[in-house]
Amino acid sequence: MQNSANNSKSLQGKKIAFLVTDGFEQIELTTPWEQIKLAGAETELIALEEGKVHGFNHLDKGDAFQVDKSVADVSADDYDGLVLPGGVANPDALRTDENAVKFVRGFFSEHKPVAAICHAPWTLVEADVLKGRKLTSWPSLRTDIQNAGGNWVDQEVVVDQGLVTSRKPDDLEAFCSKAIEEFAEGKHQRQRT
C-alpha cells in the first residue's frame, strides 16, 4: 500500500502520537504507523502506562508493543497530530482515563489533526469534541456519536476540519492516505456553520 503522499516524504519534521492501551486492533496501529513513518514523520506510541501494550487481531491476542511514553507525561503541544486506533477494549478503557481524555481534547483545542478509526471515536465522544462534526466509525457507535452532537455517516473515510475517521480495517488505505494529507497540512481553524 504505497501512495504518492508517502513517497514525497510529506511528513518530514512532523511528530505524530499514537494513543492506545491493551486491546487495540493491531492492524489499525501497524498499518498507519508504517505509512506515516514512510511519509517521513517521527512516531511515538503513547499509552496509559509505560511498558508494553498488547494488540488484538479481532478477538485473538496479537503482539506486544513497547510504549514510548505514558499519557500522563505528554501533551498535545509535543505533537503535530494524533492517531487513535480502534478495537473495542482500547477506546473503552482510554475514555475512562482522565489523562487520555485531556490529551485527546488538547489536539482539538489546538486545532491539530486527529485520525480515528473503527471504535476509536468513543474516546472522542468522552472528550466532548464531536459537536457539529461529520464523521464515521464502526456502526455500533452511531448513536453515541449522534448523542455527542456529531453527524454520523457510513463512508469509507470522512475528513472534517482536520478530523479523519474511517469505519474498519478494510478502510485503512483511504484512512492512511487522508491522515497523511491532514498531518501534512497541519493546524485547522474551526469553521462555524
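Two strands pair if DSSP finds at least two bridges between them. Strands (E, at least two residues) and helices (H or I, at least four residues) are DSSP runs, numbered from the N terminus. By that reading, β4 and strand β5 (residues 60-66) pair in the antiparallel sense over five bridges.

This is a predicted model, in which local features need pLDDT of at least 70 and side-chain atom pairs count only at pLDDT 80 or more, while totals for chains, interfaces and linings use all residues. Residues are numbered from 1 along each chain as its sequence is written, and side-chain values use heavy atoms, with hydrogens and water left out.

## Overall build

The protein chain holds seven helices and twelve strands. Its radius of gyration is 15 Å, close to the 16 Å that the globule rule gives for 193 residues, so the chain is as compact as a globular protein of that length. That radius is taken over C-alpha atoms, and the rule is 2.2 Å times the number of residues to the power 0.38. The C-alpha trace spans about 40 × 35 × 30 Å along its principal axes.

Of the 193 residues, 54% count as buried. Buried means under 20% relative accessible area, exposed means over 50%, and partly exposed lies in between (1.4 Å probe, protein chains only). The accessible surface of the chain comes to about 8,700 Å². Carbon and sulfur atoms account for 42% of that surface. Areas come from the Shrake-Rupley method with a 1.4 Å probe.

Contact means heavy atoms within 4.5 Å. Among contacts between residues at least 6 apart in sequence, 66% join residues at least 24 apart.

The chain has 21 positive and 31 negative side chains. Lys and Arg count as positive, Asp and Glu as negative; His and the chain ends are not counted. The centres of the two sets lie 6 Å apart.

## The seven-stranded sheet

An open sheet of seven strands runs in the order β6-β3-β1-β7-β8-β12-β11, with mixed pairing. β6 (69-70) and β11 (157-160) stand at the edges, each with a single partner strand, so one side of each is left without a neighbour in the sheet.

Strand β1 (residues 15-19) is mostly covered: five of its five residues are buried. Both of its faces are covered. Lys-15, Ala-17 and Leu-19 are buried on one side, and Ile-16 and Phe-18 on the other.

β1 runs parallel to strand β3 (residues 42-47), joined by five bridges. Ala-17 stands opposite Glu-44 in β3. β1 also runs parallel to β7, with three bridges. There, Phe-18 has Val-83 of β7 as its bridge partner. Val-83 in turn has a bridge partner in β8, namely Ala-115. Three bridges join the parallel strands β7 (residues 81-84) and β8 (residues 114-117).

## The three-stranded sheet

A second open sheet has the order β2-β4-β5, again with mixed pairing. Its edge strands are β2 and β5, each pairing on one side only. Strand β2 (residues 24-25) runs parallel to strand β4 (residues 52-57), joined by two bridges. Glu-25 has Phe-56 of β4 as its bridge partner.

β4 and β5 form a hairpin with two residues between the strands. Asn-57 is bridged to Asp-60 in β5. In this hairpin, His-58 takes a positive phi near 60°.

## Two loop residues

Ala-72 is found in the loop between β6 and β7. Gln-155 is found in the loop between β10 (151-152) and β11. Their values are listed here.

| Residue | Relative accessible area | State |
|---|---|---|
| Ala-72 | 48% | partly exposed |
| Gln-155 | 33% | partly exposed |

Gln-155 and Val-125 are 30 residues apart in sequence and 19 Å apart in space, C-alpha to C-alpha.

Which residues is Gln-155 in contact with, leaving aside its neighbours within four places in sequence? They are Lys-134, Thr-136, Arg-167 and Asp-171.

Methods: Charge placed at Lys NZ, Arg CZ, Asp CG, Glu CD.
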